[in-house]
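This report describes the fold and the ligand site of the protein shown below.

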Amino acid sequence: MANEKIPYKIYLSEEEMPRDWYNVRADMKNKPAPLLNPGTGEPMGFEDLRPVFCDELIRQELDDTTKNIPIPQEIRDFYKMYRPSPLVRAYCLEEKLQTPAKIYYKFEGNNTSGSHKLNSAIAQAYYAKKQGLKGVTTETGAGQWGTALSMACAYLDLDCKVYMVKVSYEQKPFRREVMRTYGASVTPSPSMETEIGKKILAEHPGTTGSLGCAISEAVEKATGTPGYRYVLGSVLNQVLLHQSVIGLEAKAAMDKYGIVPDVIIGCAGGGSNLGGLISPFMGEKLRGERDYRIIAVEPASCPSFTRGRFAYDFCDTGMVCPLAKMYTLGSGFIPSANHAGGLRYHGMSSTLSQLYHDGYMEATSVEQTRVFEAAEQFARVEGILPAPESSHAIRVAIDEALKCKETGEEKTILFGLTGTGYFDMVAYEKFHNGEMTDYIPTDAELEESFAHLPKVPGQE
Ligand SMILES: *Cc1c(COP(=O)(O)O)cnc(C)c1O
């Protein structure tokens, strides 16, 4: 072994687990742009957001200045059920690749939801409960967020109503049953339960749905039902804040052994795992204490960072949500139906968008067949069957390690392994049967989508 001193898995003790979340916005000179009211174009304040979101979560959403936000004891206790998550040295993968690079991954798949989403689900459910609400509504695409939220709501005895993108609902019936095991009600979206669902179905009768559409339904349901609020599993500042637990643990584990990553890689859908993983490292970078190379990896079929516009856009298809300034493909953008790899949201966290715009991180896109090749290679040597989403990060980590093999550089690579892929076997099956294809949207398709970006004063 290259370095006997560093164990395969580095764990933290319960005492070493973070007591605070870290709010990277506090260290940003250019803050993420505020959410705007779609009707007036004015920034949305606490009162404007109250019909949709829980009070404490709005405070976190709007807080650009408090660096460390204490994690309530109840949430820390819940975290202890499945955290700390291991930081793994990928010795077996390094050996297989014959690379001098040192590869580490932070594995977030060790809970029933199979992903990092539980870190924010429990926080959001906790604040909803504390506010005395009856329940929450949400959307889910691949199903991990819906599962995580169902688990958190079951634990806290809250109602949970999930709108699941129809294509996933049909492809992943077992995901639905896991959610129902935890007491959630699950509706395929678009549905006839909401006005926006009816409208979308009338306009596109055969549609298999999209995240943007399911969000509109969930928001409509929440605002129309007393005692309910809407919660979201990615994109928002509050979600990145909760997910900072990933990066704080990873950094604490690395610090124990004096490990400093050169490159940090994460997949990017709405940006929550990446934002969480990089947060303490980005903080050092923003404060000028240390430099890291940070890479966001997205699907070539849904390339928000690499081909999107940095503009105000709707967060949902039905245009009921506030406008967020972010890298976006347009709220009407729906990735090609052959896209199986997750990460299909049209926009991106406004915090990460600002950091990317200001040159603090890079982004790259990868095609799904190469993603599944990496997934399979990883599964065979590291023993974990990765989620397709996570495998975007694996792909680029392997590519970086192979570059080190050519140059002889002993770089230290850290990537986020966000979850497991047991519910994605239909996608794996397509890959194994050679039926998986890559689709990259044309410039003309993207231009058509950009043409529908909302007109906001001061935005060209
Ligand atoms: C939801 C999800 C992602 C993508 O969401 P982000 O908010 O970009 O992190 C990535 N991996 C897994 C396993 C997920 O469930």
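The structure is a predicted model. In it, four strands form an open sheet in the order β8-β7-β6-β9, and their pairing is parallel. The edge positions belong to β8 (185-189) and β9 (228-230); each has a single partner strand, so one side of each is left without a neighbour in the sheet. On average, neighbouring strands of this sheet are turned by 25° against each other, direction ignored.

Within this sheet, β6 (residues 135-140) pairs with β7 (residues 159-165) in the parallel sense, over 6 bridges. In that pairing V136 stands opposite C160 of β7. Helix α10 (residues 211-223) lies across β6, β7, β8 and β9, and runs at about 170° to β6.

A further open sheet has 7 strands with mixed pairing, in the order β1-β4-β5-β15-β10-β11-β14. Its edges are β1 and β14 (362-366); because each has a single partner strand, one side of each is left without a neighbour in the sheet. Strands β10 (residues 263-267) and β15 (residues 412-417) pair in the parallel sense over 3 bridges, and the bridge partner of I265 in β15 is F415.

Two helices that pack on this sheet can be described by their contacts. Helix α15 (residues 368-382) touches β4 (87-89), β5 (102-107), β14 and β15, and its direction makes about 95° with that of β14. Helix α16 (residues 388-407) touches β5, β10, β11 (293-299), β14 and β15. The direction of α16 makes about 170° with that of β15.

Which residues come nearest to the ligand? Of the 18 residues around the ligand, these are K117, S234, S272, N273 and T418.

| Residue | Protein atom | Ligand atom | Distance |
|---|---|---|---|
| S234 | side-chain N or O | oxygen | 2.4 Å |
| G270 | backbone N or O | oxygen | 3.0 Å |
| T418 | polar side-chain atom | nitrogen | 2.7 Å |

On its own, the ligand has 380 Å² of accessible area, of which the protein covers 94%.

A search of the whole structure finds 16 aromatic pairs. One of them is formed by Y8 and Y91, whose rings are 4.7 Å apart centre to centre. The planes of Y8 and Y91 make an angle of 55°, and the pair is tilted. This pair links distant parts of the chain, 83 residues apart: Y8 belongs to the segment before β1 (9-10), whereas Y91 is in helix α4 (residues 91-97).

Some features of the backbone remain to be noted. The peptide bond joining R83 and P84 is cis, with omega of about -5°; P84 is placed in the loop between α3 (73-82) and β4. The bond from S189 to P190 is also cis, and its omega is near 5°. Q98 is not a glycine, yet has a positive phi of about 55°. The location of Q98 is the loop between α4 and β5.

Conventions: Residues are numbered from 1 along each chain as its sequence is written. This is a predicted model: local features need pLDDT of at least 70, side-chain atom pairs count only at pLDDT 80 or more; totals for chains, interfaces and linings use all residues. Side-chain values use heavy atoms; hydrogens and water are left out. Two strands pair if DSSP finds at least two bridges between them. Axes are lines fitted to C-alpha atoms, for helices over the stretch in contact, and angles run from 0 to 180 degrees between N-to-C directions. Contact means heavy atoms within 4.5 Å. A residue is near a molecule or strand if one of its heavy atoms lies within 4 Å of it. A polar contact is a pair of N or O atoms within 3.5 Å; within protein, one must be able to donate a hydrogen and the other to accept it, and residues adjacent in sequence count only if both atoms are side-chain atoms. Accessible areas come from the Shrake-Rupley method with a 1.4 Å probe; for residues, only the protein chains shown count as cover. Rings of Phe, Tyr and Trp (its six-membered ring) pair if their centres lie within 6.5 Å; planes under 30 degrees apart count as stacked, over 60 as edge-to-face and the rest as tilted.
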